[in-house]
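Hi,

Here is the model I promised to pass on. Have a look at it first, and my notes follow below.

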Protein chains: 2
Amino acid sequence: MNYTEMTVAQASAEYAQVKARYEELSALGLKLNMARGRPDAAQIALVADILDVMTSETPYMVDGMDVRTYGESNGISPARELFAELLGCRPEECFIGGNASLTLMYDTISKAFTHGLLHSEKPWSKLDKVKFLCPVPGYDRHFKITETFGCEMISVPMTPNGPDMDVVEELVRDPEVKGMWCVPKYSNPDGIVYSDETVRRIAAMKPAAPDFLLMWDNAYCVHEFDGAFVEFPDIIALCREAGNPDMVIEFASTSKITLPGAGISVMACSVDNLAYLTKLMNVQMISYDKVNQLRHALYLKNKEHTLEVMKRHASVMLPKFQCVLETLEREIAPRGIATWQKPKGGYFVSVNTLPGLAKRTLALCKQAGVVMTAAGATYPYGIDPNDSNIRIAPSLPPVAELEKAMEIFCVCMRMAALEQKLA
Amino acid sequence: MNYTEMTVAQASAEYAQVKARYEELSALGLKLNMARGRPDAAQIALVADILDVMTSETPYMVDGMDVRTYGESNGISPARELFAELLGCRPEECFIGGNASLTLMYDTISKAFTHGLLHSEKPWSKLDKVKFLCPVPGYDRHFKITETFGCEMISVPMTPNGPDMDVVEELVRDPEVKGMWCVPKYSNPDGIVYSDETVRRIAAMKPAAPDFLLMWDNAYCVHEFDGAFVEFPDIIALCREAGNPDMVIEFASTSKITLPGAGISVMACSVDNLAYLTKLMNVQMISYDKVNQLRHALYLKNKEHTLEVMKRHASVMLPKFQCVLETLEREIAPRGIATWQKPKGGYFVSVNTLPGLAKRTLALCKQAGVVMTAAGATYPYGIDPNDSNIRIAPSLPPVAELEKAMEIFCVCMRMAALEQKLA
């Protein structure tokens with residue numbers, strides 16, 4: 001029965017029953033974790049043979065140079081070509097980083113503050129205020145970066161087609177608005193794929209700031225777990241065609257393709273932008289690990305083969321997402337206390353409870369041994385004004401554990417809703 | 001004959017002879033490079049088997065976690081223990097970075113500007129002026145970092161025992177002086193090992209700035225090429241004992257131990273300092289590549305075995321340094337136009353010509369096909385006030401090429417000296 005339609009007596013009876021079940025589950029003393037988007041050990045096992053493709057016998061000359069020595073700041077061409085094919089951009093637009101695109105993102109924002117971007121009048125640290133647009137719910141690590149540099153973060157609501165572009169187009173008329181975070185495909189945490197129209201409106205924005213920075217984190221570019229690969233527009237070309245060639249910097253990595261802690265990453269942008277950024281980066285580094293770049297190029301080969309690797313990951317991921325979505329459908333949907341998207345890729349399911357239930361739900365989960373992403377984490381400053389959004393990260397636990405964790409989660413959410421109703 | 005004692009007629013005759021030899025050498029159309037401290041291909045071959053120690057069969061659990069996945073920002077304990085043994089500090093003082101200590105150094109200075117250090121009153125970007133002490137000659141990439149952040153760099157003369165500490169102790173009384181670059185063992189480029197007294201005076205400095213930052217780049221900590229390993233004091237302990245526990249951050253890497261472009265690096269400092277810095281770094285990264293950390297720990301094993309690996313490098317390096325030093329001794333010493341140290345470790349020989357000869361010498365070299373580190377590069381802003389210091393990097397060319405390059409170099413220096421005398 002839908003909780004919103006219950007009488008107090010009905011709610012009391014339901015609460016007694018749910019609480020009893022909660023106590024039974026708590027008594028099991030479980031320790032389950034759905035906090036972060038970490039690949040399962042089974043996924044790592046599927047790609048563990050990447051450590052066999054590069055040995056002392058492997059030809060090490062690439063682009064006329066020994067990959068094992070210093071040099072070639074932008075990365076070796078096989079790695080640049082691989083990412084260009086995955087992202088749909090050009091190899092000369094790609095800069096290959098180390099094992100974390102997060103570091104490339106941080107470094108980009110850091111350099112905007114210390115040195116300024118290609119079209120900046122001055123470094124952002126010399127400005128009174130820097131505002132940054134944050135589609136919400138979004139990725140906590142993105143928000144932490146702009147928070148640590150003192151940006152004023154402005155939330156923009158997500159729609160099923162991506163950020164609400166009417167709101168964005170209005171906000172970018174403020175010259176203090178210097179950029180926007182985006183996870184355009186299988187957004188973190190909703191799993192929403194930005195529609196073509198949204199992407200085109202983003203590329204064609206006319207921000208007042210000449211150095212507006214579109215942080216395009218294409219983290220899940222080939223990360224379908226349900227169904228075939230979905231083609232996605234090349235934002236760099238779209239920005240160029242719209243007269244904004246230097247507005248966007250795109251990021252991606254192999255963290256969820258090969259080994260999470262030992263992959264390679266990419267930063268892609270216009271050639272002019274890359275020349276500017278590389279000049280700044282050459283003070284910081286000589287080149288990222290080109291041996292690992294070659295290892296990845298040899299292992300992943302090309303887009304076609306990378307998509308085959310992703311099919312193997314999907315075989316591990318799909319049952320987990322099915323478990324989450326089926327449990328929500330069965331346990332929560334009839335009670336009318338939350339809504340969610342049904343993603344076909346990415347790493348998360350994002351649940352929006354009725355206002356005021358998220359913190360309490362997760363506190364109950366924690367007491368019962370289930371750790372989840374903290375309530376509020378998907379909002380700037382960790383503050384969800386509705387106390388509603390909860391990010392579920394189902395990738396790490398095996399299905400059997402996940403079933404238990406989801407049962408506990410649903411019981412907790414029901415308890416929180418009933419407590420609120422009876423308060 | 002000593003050029004400074006020549007008559008004009010003698011100098012003219014000598015010039016005609018030297019110039020004729022220069023033209024003969026130029027006509028050979030050589031292309032030789034002594035510009036950067038790059039290991040020889042033969043050195044890379046000696047350690048190429050590092051790519052065989054980590055395969056899909058290697059046990060990947062370390063510290064109770066899978067090294068291939070996310071996490072453990074400070075690095076795995078076998079890598080921290082290895083560097084602690086090499087540097088003489090404690091594992092808990094070590095943070096393991098990616099393939100470049102340069103990046104860790106840049107990031108440290110960058111964070112001083114954007115966030116401030118542990119004892120900073122405010123971020124350095126909010127200060128009117130930041131001064132940084134630069135012992136000269138020094139490492140161009142160090143100076144580029146402080147230059148790119150707009151520091152006012154103050155040159156401090158090097159002595160055969162390290163930086164002139166009378167000058168340093170006076171300068172650090174200025175609260176705007178926020179730090180100092182040091183390469184304490186086999187300094188870049190002189191190859192000087194700081195004396196125990198110098199190191200102790202540095203550790204016991206009383207800078208006016210509470211957040212004074214001693215950038216201790218121990219790049220050549222185990223890099224003897226001539227003779228046995230030389231023990232060197234642990235600067236972190238000395239600073240602690242002198243009441244400056246958080247003043248120093250030490251850096252090192254395996255770039256010249258294993259593969260130059262695919263090694264691991266370390267940042268070592270007090271535990272308090274590390275806790276502060278790690279908190280800032282956790283916004284930028286999750287962990288550096290722990291697979292490569294394990295690969296290095298398995299390959300290098302410990303200090304004893306690392307020193308054996310360094311002996312192999314020394315066998316390639318020593319003949320090159322002997323060639324450089326013997327050629328200088330034979331061709332330049334009798335002419336009295338330059339002086340130099342005779343290093344037993346590191347990657348460079350640093351030649352100080354009579355004033356005003358460095359640029360001209362290198363221009364002549366370039367015309368004859370020998371590329372060397374640009375004149376002035378060893379000074380802040382690339383400006384050597386005496387136009388005297390030249391860094392020779394003999395590691396890359398094979399000995400046969402090096403002999404030719406050194407012959408050309410000496411001929412060019414003699415020509416430059418004679419031109420000056422006859423002008």
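Let me start with the interface: 50 residues of chain B are in contact with 50 residues of chain A, where contact means heavy atoms within 4.5 Å. Please keep in mind that this is a predicted model, in which local features need pLDDT of at least 70 and side-chain atom pairs count only at pLDDT 80 or more, while totals for chains, interfaces and linings use all residues. On bookkeeping, residues are numbered from 1 along each chain as its sequence is written, chains are lettered from A and ligands numbered from 1 in the order in which they are written, and side-chain values use heavy atoms, with hydrogens and water left out.

**The interface**

The area buried between chain B and chain A comes to about 4300 Å², and carbon and sulfur atoms give 54% of that. Buried area here is the accessible area (1.4 Å probe) that two parts lose on being put together, summed over both. R68(B), Y70(B) and V283(B) supply 17% of the area that chain B buries against chain A, more than any other three residues.

What about salt bridges across the interface of chain B and chain A? The rule finds zero, taking a salt bridge as a side-chain nitrogen of Lys or Arg within 4 Å of a carboxyl oxygen of Asp or Glu. By contrast, 19 residue pairs are in polar contact across the interface of chain B and chain A (both at pLDDT 80 or more). A polar contact is a pair of N or O atoms within 3.5 Å; within protein, one must be able to donate a hydrogen and the other to accept it, and residues adjacent in sequence count only if both atoms are side-chain atoms.

On the side of chain B that touches chain A, the elements giving two or more residues are β3 (65–66), α4 (101–114), α5 (140–148) and α10 (290–300) of chain B. Helices (H or I, at least four residues) and strands (E, at least two) are DSSP runs, numbered from the N terminus. α4(B) gives the most, with seven residues. By class, this side of chain B has 19 nonpolar, 17 polar and 14 charged residues. For those classes, Ala, Val, Leu, Ile, Met, Phe, Trp, Tyr, Cys and Pro count as nonpolar, Asp, Glu, Lys and Arg as charged, and the others, Gly among them, as polar.

**Symmetry**

Chain B superposes on chain A by a rotation of 180 degrees with 0.0 Å of shift along its axis (RMSD 0.0 Å). The two copies are therefore related as by a two-fold rotation axis. The same surface serves both of them, as 100% of the contact residues of chain B recur in chain A. The superposition is by least squares on the C-alpha atoms of residues with pLDDT of at least 70 in both copies.

Leaving aside neighbours within four places in sequence, T114(A) is in contact with P123(A), S110(B), T114(B) and F149(B). T114(A) is buried, at 18% relative accessible area, where buried means under 20%, exposed over 50% and partly exposed in between (1.4 Å probe, protein chains only). The side chain of T114(A) also makes a polar contact of 2.8 Å with the side chain of H115(A).

**Helix α10 of chain A**

In α10(A), 10 of the 11 residues are buried, so the helix is largely enclosed by the rest of the structure. Among the buried residues are K290(A), R295(A) and Y299(A). At the start of α10(A), a side-chain oxygen of D289(A) comes to within 3.0 Å of the backbone nitrogen of V291(A). After the helix comes K301(A), with a positive phi near 70 degrees.

**Backbone points to check**

Most residues other than glycine have a negative phi, and most peptide bonds are trans. Here are the exceptions I noted:

- K301(B), in the loop between α10 and α11 (303–331) of chain B, has a positive phi of about 65 degrees and is exposed at 54% relative accessibility.
- Y186(B) has a positive phi of about 55 degrees but is buried, at 4%.
- The peptide bond from N188(A) to P189(A) is cis, with omega near 10 degrees.
- The bond from V136(B) to P137(B) is cis too, with omega near -5 degrees.

Best wishes
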